[in-house]
Amino acid sequence: MRAMFAIAWKDFRSLVSSPIFFVISGLFCCLLSFTYIRQIFDFARRSMVLAHQGQGVNIHMSVFASHLSLVNLILLLAIPVFTMRALAEEKKMRTYDLLLTSPITATQISFGKFLAVFMSGMVLLLIAAIYPLGTALFADFSWGPLISSFIGLALLMGIYIAIGLFASSVTSSVILAAFLGMVLILSFWFIGQGAGFSDDPVLSAFFEHVSVGQQFVSFLQGTLKLTAVVYMLSAIALFVFLTQRVVESSRWR
Amino acid sequence: MIEVKNLTKNYGDRKAIDTLSFKVSKGEVVGFLGPNGAGKSTTMKIITGYMAPTSGSVEVDGLDVFEDPVEVKRKIGYLPEIPPVYGDMRVIDFLKFCSRLKGVPGKTMNSAVASAIEKTSLQDVQKRMIQNLSKGYKQRVGLAQALIGDPEILILDEPTVGLDPTQVVEMRKLISSLRGNHTIILSTHILPEVQANCDRIIIINNGSIVASETLADLAQSQSGTCRIGVQVARDVEKAKSKVSLVEGVKHILINGMRLDIEMSHSSEGIEAVATQIVESGSGLLEFRIESSNLEEIFIKLTSEKETSMGGVQ
Ligand SMILES: Nc1ncnc2c1ncn2[C@@H]1O[C@H](COP(=O)(O)OP(=O)(O)OP(=O)(O)O)[C@@H](O)[C@H]1O
Ligand SMILES: [Mg+2]
């Protein structure tokens with residue numbers, strides 16, 4: 001356990017102090033600030049109009065949901081950059097030798113690496129959370145859907161990280177790891193899109209079930225479904241397990 | 001302590017090592033010697049559990065490396081060919097990280113790190129980023145990493161590469177101070193290093209062991225033969241045919257006007273060779289008996305094998 005946290009802490013420190021992290025989180029802040037402020041003003045204007053007509057508007061669905069979808073979109077592209085160095089660079093710099101000859105298991109290595117990127121990703125999510133929290137200072141809204149959305153987003157990020165880690169484990173080229181990670185994550189997103197093209201109701205239900213997008217929508221809507229949580233956790237487990245297999249198998253080559 | 005049995009490793013269809021077997025007992029310091037590409041690093045990587053052999057087994061302290069990898073790795077400190085250091089860490093942070101990886105208890109961590117730093121004289125650079133250190137210092141950080149937690153077995157792949165002469169001497173002192181409590185396997189191309197450090201040498205060539213003896217035994221076993229270098233003025237062939245009649249001559253090589261004679265060591269034999277050459281009338285210019293030192297033994301053992309394998313690597 002201690003070795004796993006040592007790996008996680010070391011990687012976390014080196015990641016968050018790297019220039020690439022500064023650049024990405026800086027861009028992340030700018031982009032979010034820009035779109036969020038526009039949406040808030042838009043929302044204020046519309047709610048005033050609608051209030052005249054005696055109707056209420058839901059800040060969660062009209063502002064937060066699109067804010068979080070944008071965060072998700074950025075994570076989609078940023079996470080492979082965070083995970084690319086995790087194992088590929090260890091191999092290239094030969095520090096992999098140290099990990100593989102230390103008295104630790106491939107599982108500890110994989111989970112340590114996962115935790116490291118997850119903690120760095122949480123930094124981005126904390127930045128993203130500042131916006132709705134700031135809104136809470138001058139607006140009243142129900143917290144349930146917001147919290148459930150953030151849980152969903154954290155789990156979704158976990159899936160991206162596990163996939164990115166797997167991509168990093170199969171190559172010793174950092175660039176290739178980032179590229180492969182992005183391709184895999186995007187393909188993962190598009191599995192569910194098969195639903196729209198299928199006439200067969202069974203097939204269509206199946207696709208809807210395995211679609212990560214559909215699962216995420218249920219979090220966004222504020223319904224914290226057990227099946228959705230289990231789905232996300234199993235996807236994370238699957239890719240961390242695949243990574244663990246690759247790390248383990250490096251001894252056999 | 002370490003028992004290697006019939007170890008074979010193929011990289012694709014290239015054989016790196018071929019049915020290697022040897023034993024190292026507790027407290028022994030063993031030197032691995034061999035030309036480039038002989039398979040020294042490959043053997044070491046397999047012993048440390050870094051990779052699996054194609055066939056064969058390695059036992060450390062009665063534990064199989066591939067059945068109990070974690071237990072075995074706990075006993076071994078390993079310095080690979082390229083020191084495994086993280087450029088973006090400070091020396092002291094890196095060593096703390098290593099001690100956590102190796103499961104050094106939290107209470108003793110600081111003293112373990114301090115003693116590794118002291119043994120490798122890294123005090124002056126302990127707060128510096130590893131990427132800014134010179135090659136020799138990186139090598140020392142790699143060595144400090146291997147020493148952390150005081151493992152029973154040390155496997156050092158070319159530990160003195162890149163070190164300055166003072167550090168090489170320090171390294172020798174370090175190894176002799178570790179002698180007795182630790183079992184050490186080190187690989188090197190530098191023969192005086194073996195003479196200074198090791199109880200026993202294992203010479204590997206083309207993936208097979210060509211000698212595995214104590215230094216004294218090795219010198220002894222080779223002392224039965226001696227080499228004579230002879231320079232003549234003319235008629236080399238004639239001299240050769242004369243000399244080959246002498247009893248005890250094993251091998252004669254013609255090299256221009258030179259004859260390299262290998263024969264069993266006896267004063268009568270040498271005398272007879274000298275007589276034959278003089279009688280052949282080919283004009284003796286030089287007659288030198290070459291003593292068999294470690295370097296020669298090394299070259300002889302490794303080149304013999306090469307020619308017997310067709311001279312191809
Ligand atoms: N990863 C690899 N893939 C393919 N072949 C390899 C690999 N590593 C080593 N070899 C081959 O295995 C053989 C033994 O290599 P090894 O590194 O063990 O030699 P060595 O004795 O350590 O040499 P040196 O003195 O140069 O360090 C060489 O022929 C080498 O080309
Ligand atoms: Mg080598």
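This is a predicted model: local features need pLDDT of at least 70, side-chain atom pairs count only at pLDDT 80 or more; totals for chains, interfaces and linings use all residues.

Biologist: Fine. Which elements of chain B each supply at least two residues of the shell around ligand 1?

Modeller: Those are β2 (14-24) and α1 (40-47) of chain B. The largest share comes from α1(B), with three residues.

Biologist: And which residues come nearest to ligand 1?

Modeller: K40(B), S41(B), T42(B), E81(B) and H189(B), out of 13 residues around the ligand.

Biologist: What is the shell like by class?

Modeller: Six residues are polar, four are charged and three are nonpolar.

Biologist: Now polar contacts. How far is the side chain of H189(B) from an oxygen atom of ligand 1?

Modeller: An N or O atom in that side chain is 2.7 Å from a ligand oxygen. E158(B) also has a polar side-chain atom 3.2 Å from an oxygen atom of ligand 1.

Biologist: How much of ligand 1 does the protein bury?

Modeller: The protein buries 66% of the 640 Å² that ligand 1 exposes when taken alone.

Biologist: Different topic. How is chain B divided into domains?

Modeller: Domain 1 covers 2-220 and domain 2 covers 224-290.

Biologist: What separates their centres?

Modeller: 45 Å, taken over C-alpha atoms.

Conventions:
Residues are numbered from 1 along each chain as its sequence is written. Chains are lettered from A and ligands numbered from 1 in the order in which they are written. Side-chain values use heavy atoms; hydrogens and water are left out. A residue is near a molecule or strand if one of its heavy atoms lies within 4 Å of it. A polar contact is a pair of N or O atoms within 3.5 Å; within protein, one must be able to donate a hydrogen and the other to accept it, and residues adjacent in sequence count only if both atoms are side-chain atoms. Accessible areas come from the Shrake-Rupley method with a 1.4 Å probe; for residues, only the protein chains shown count as cover. Helices (H or I, at least four residues) and strands (E, at least two) are DSSP runs, numbered from the N terminus. Ala, Val, Leu, Ile, Met, Phe, Trp, Tyr, Cys and Pro count as nonpolar, Asp, Glu, Lys and Arg as charged, and the others, Gly among them, as polar. Domain bounds come from an automatic or database domain assignment.
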